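This report describes the architecture, surface and charge arrangement of the protein shown below. Please consult the sequence and the structure alongside the text.

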Amino acid sequence: MTDRITELEIYVSSQEKTVDELSDEVFRLSKQVAELEKQMKQIVDSIDKTNVKPLSEETPPPHY
């Protein structure tokens, strides 16, 4: 019985370590996603500021 309890304690300890590692990874990825969203917003804002016309409103090039 004592051996089984020891095995379970080792297993739980391993699971706790895995959960902690996954939690850290989720936190890191969450920060990365937030940074990428911020960069994407900056890109979209800069495109909006360049006054690019939609393709349907563009004048065709002279060779058409």
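## Lys17 and its salt bridge

Lys17 is exposed, because its relative accessible area is 53%; exposed here means over 50% relative accessible area, buried means under 20%, and partly exposed lies in between (1.4 Å probe, protein chains only). Lys17 forms a salt bridge with Glu21, and the closest N and O atoms of the pair are 3.1 Å apart. A salt bridge requires a side-chain nitrogen of Lys or Arg within 4 Å of a carboxyl oxygen of Asp or Glu. Glu21 is partly exposed, with a relative accessibility of 43%. Lys17 and Glu21 are 4 residues apart in helix H1, so about one helical turn separates them.

The model is a predicted one, in which local features need pLDDT of at least 70 and side-chain atom pairs count only at pLDDT 80 or more, while totals for chains, interfaces and linings use all residues. Residues are numbered from 1 along each chain as its sequence is written, and side-chain values use heavy atoms, with hydrogens and water left out.

## Further salt bridges in helix H1

By the rule stated above, the count comes to 4 salt bridges. One of them joins the side chains of Arg4 and Glu7, with an N to O distance of 3.8 Å. Arg4 and Glu7 are separated by about one helical turn, because they are 3 residues apart in helix H1. Arg4 is partly exposed, at 49% relative accessibility, and Glu7 is likewise partly exposed, with a relative accessible area of 47%.

Another salt bridge links Arg28 with Glu25, whose closest N and O atoms are 2.5 Å apart. Both residues belong to helix H1 and lie 3 residues apart, about one turn of the helix. Arg28 has a relative accessibility of 43% and therefore counts as partly exposed. Glu25 is also partly exposed, with a relative accessible area of 34%.

## Overall architecture

The protein has 1 helix and 0 strands. The radius of gyration of the protein is 27 Å, well over the 11 Å that the globule rule gives for 64 residues, so the protein is more spread out than a compact globule. The radius of gyration is taken over C-alpha atoms, and the globule rule is 2.2 Å times the number of residues to the power 0.38. Along its principal axes, the C-alpha trace spans about 85 × 25 × 15 Å.

Helix H1 comprises residues 2-49. Helices (H or I, at least four residues) and strands (E, at least two) are DSSP runs, numbered from the N terminus.

## Distances along the chain

Ile10 lies in helix H1 and is exposed, with a relative accessible area of 57%. The C-alpha atoms of Ile10 and Pro62 are separated by 75 Å, the two residues being 52 residues apart along the chain. Tyr11 also lies in helix H1 and counts as exposed, at 52% relative accessibility. From Tyr11 to Leu55, 44 residues apart in sequence, the C-alpha to C-alpha distance is 60 Å.

His63 is located in the segment after H1 and is exposed, with a relative accessible area of 65%. Between the C-alpha atoms of His63 and Val26 there are 53 Å, and these residues are 37 residues apart along the chain.

## Surface and charge

Buried residues make up 0% of the 64 residues. The protein exposes about 6400 Å², of which carbon and sulfur atoms supply 60%. Accessible areas come from the Shrake-Rupley method with a 1.4 Å probe; for residues, only the protein chains shown count as cover. Met40, Ile43, Val44 and Ile47 make a nonpolar surface patch of about 360 Å². Patches consist of residues with over 30% relative accessible area and no salt bridge; like charges are joined within 9 Å, and nonpolar side chains (Val, Leu, Ile, Met, Phe, Trp, Tyr) within 5 Å. Ile43, one of the patch residues, is located in helix H1 and is partly exposed, at 46% relative accessibility.

The protein carries 8 positive and 14 negative charges, and their mean positions are 9 Å apart. Lys and Arg count as positive and Asp and Glu as negative, while His and the chain ends are not counted. The place of a charge is taken as NZ of Lys, CZ of Arg, CG of Asp or CD of Glu.
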